[in-house]
Amino acid sequence: MDSVGKALEEVLHSALPQGCITVGVYEAAKSLNVDPDNVVLCLLATDEEDVKDVALQIHFTLIQAFCCENDINILRVGNMGRLAEILGAAKQGGEPQDLHCVLVTNPHSSAWKDPALSKVNGFCRESRCLDQWVPLVNLPER
């Protein structure tokens with residue numbers, strides 16, 4: 001499981017400078033609506049206090065259903081603080097970024113051949129075979 005977390009971190013580090021990251025539940029929903037075939041991975045991140053947020057859980061359910069219908073791999077990330085570090089989620093306009101949903105998309109120039117992404121996608125496929133449609137992955141701490 002740790003190796004999947006490291007692979008996910010590599011995917012995020014390589015996608016970020018290419019502009020292949022969409023952050024935020026609303027922004028992700030817009031991106032999924034416009035071009036779902038370009039999305040290669042969906043991350044749903046929560047902290048302990050988010051478990052009781054009914055509105056967020058409804059959003060997650062809708063995003064999960066859409067991703068499953070469009071064959072987009074989904075992971076649940078449990079440590080939002082580490083995700084914020086990786087994505088450099090500085091506050092924009094005084095407000096913290098909404099990291100509850102993060103999409104990784106293909107660069108427009110070419111099909112993305114990333115071994116770390118292949119590892120993460122393989123983990124998602126294996127998890128689905130075990131009836132874990134949205135497996136939990138923890139990003140490694142620094």
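Aspartate 50 is in contact (heavy atoms within 4.5 Å) with Leu56, Gln57, Met80 and His100, leaving aside its neighbours within four places in sequence. This is a predicted model, where local features need pLDDT of at least 70, side-chain atom pairs count only at pLDDT 80 or more, and totals for chains, interfaces and linings use all residues. Residues are numbered from 1 along each chain as its sequence is written, and side-chain values use heavy atoms, with hydrogens and water left out.

**Around aspartate 50**
- Aspartate 50 sits in the loop between strand E2 (39–45) and helix H3 (54–69); helices (H or I, at least four residues) and strands (E, at least two) are DSSP runs, numbered from the N terminus.
- Aspartate 50 is buried, meaning under 20% relative accessible area (1.4 Å probe, protein chains only).

**The nonpolar core**
- A nonpolar core is a set of buried Ala, Val, Leu, Ile, Met, Phe, Trp, Tyr and Cys residues joined through side-chain atoms within 4.5 Å.
- The largest such core has 28 residues, of which Leu8, Leu12 and Leu75 touch the most other members.
- Helix H1 (2–15) gives this core its largest share, six residues.

**Helix H5**
- Among the buried residues of H5 are Leu117, Val120 and Phe123.
- Just after H5, aspartate 131 takes a positive phi of about 60°.

Notes. Buried means under 20% relative accessible area, exposed over 50%, partly exposed in between (1.4 Å probe, protein chains only). Lys and Arg count as positive and Asp and Glu as negative; His and the chain ends are not counted. A salt bridge is a side-chain nitrogen of Lys or Arg within 4 Å of a carboxyl oxygen of Asp or Glu.
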